[in-house]
Amino acid sequence: MAPRLSVTILNYNYGHYLAECIDSILAQTFEDFELFVIDDCSSDGSVELITSYSDPRVRPIIHEQNLGFLGSLVQGTEELSTGEYVAVVSADDFVVRPDAFERQVAMLDEHPDVGYCFTGFEIIRPGESTQHASFEHDTVLGPEAAFDEILMARGVWPAHSGTVIRRSSYDAVGGYRRDISMPVDLALWFDLSRTGGLAYAAVCGHSWRLHGDQMTTSKTQLNLREIAQVVTEACEQGERAGFGTGGLTRRAIGAHFGAFAVTEAYGGSRREALRRCWAAVRECPVPALTSKRIWVACVRALLGERLTGAIAGVLRVPRSIARSSS
């Protein structure tokens with residue numbers, strides 16, 4: 001019989017993180033899963049580590065030719081996974097709580113119309129970590145409310161690593177998009193939210209590690225361009241669904257651009273925050289320059305803690321954005 005949950009680890013030269021990632025999944029209290037560890041032609045000894053595991057749930061997939069992030073992602077989720085639910089974990093992340101998947105699967109079982117369930121997460125940077133919580137309690141939102149929260153980036157933030165997705169819902173919306181290369185998770189959250197809403201388990205279940213080797217850091221301009229595209233199309237789709245989002249495009253793009261910049265500014269990466277703000281202005285000047293969060297990120301990056309709280313209060317930026325755990 002197929003396992004209930006199929007988990008895919010995506011790895012490319014993350015061997016120094018990989019054991020922690022695999023071990024955290026094997027330690028889950030929810031045990032009915034299969035684990036595909038896809039190595040996309042690493043040169044750092046990752047293959048030897050992956051093939052050293054004897055647990056029958058670990059299934060090494062070793063590429064002879066590099067498929068890239070999206071190719072590996074689709075392979076794991078669509079071609080290999082057989083479970084009722086699917087989840088993806090980047091090899092540089094890990095599952096924080098041993099009951100994370102158990103909590104998420106239970107919520108999806110309880111709410112069969114909902115397409116995905118995520119948790120709070122730990123943001124890990126060199127030398128420090130903070131936690132982000134989207135809600136204080138276990139929460140289920142219907143399609144219109146869920147779509148609105150994701151669209152306007154009010155602090156409801158599904159991390160890609162560890163979010164559990166109902167396979168039938170994934171298939172119904174067409175899965176990961178092939179016409180973009182980076183914010184494929186954001187595009188999927190829009191589709192799943194619009195059609196079935198969202199579920200949130202109020203625990204710090206997973207991690208998100210920030211470091212300079214990540215694709216979103218090295219290709220900031222492309223990432224912003226594709227975010228603007230995805231958000232614009234989401235506003236159009238929400239309007240067709242009767243959600244009244246047709247006039248929100250500028251605000252929504254600015255909100256998503258600003259969320260990334262604020263994350264960097266409050267996490268100590270002040271130079272990176274300013275770089276992201278400038279990249280946002282270059283990509284979409286009007287949404288960026290009219291975004292309260294962009295201005296808060298700039299102030300925080302330039303002044304540090306001094307005056308930032310007061311300015312954020314004047315601009316009425318949500319507390320979930322103007323704090324280090326955002």
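Glu264, Glu272, Arg275 and Arg276 are linked in a network of salt bridges, a salt bridge being a side-chain nitrogen of Lys or Arg within 4 Å of a carboxyl oxygen of Asp or Glu. The model is predicted, so that local features need pLDDT of at least 70 and side-chain atom pairs count only at pLDDT 80 or more, while totals for chains, interfaces and linings use all residues. Residues are numbered from 1 along each chain as its sequence is written, and side-chain values use heavy atoms, with hydrogens and water left out.

| Pair | N to O distance |
|---|---|
| Arginine 276 and glutamate 264 | 3.7 Å |
| Arginine 275 and glutamate 272 | 2.7 Å |
| Glutamate 20 and arginine 209 | 3.2 Å |

Arginine 275 and glutamate 272 both lie in helix H11, three residues apart; helices (H or I, at least four residues) and strands (E, at least two) are DSSP runs, numbered from the N terminus. Arginine 276 has a relative accessible area of 5% and is buried, as is glutamate 264 with 8%, where buried means under 20% relative accessible area, exposed over 50% and partly exposed in between (1.4 Å probe, protein chains only).

Glutamate 20 counts as partly exposed at 39% relative accessibility, whereas arginine 209 counts as buried at 12%. In strand S9 (residues 198-209), eleven of the twelve residues are buried.
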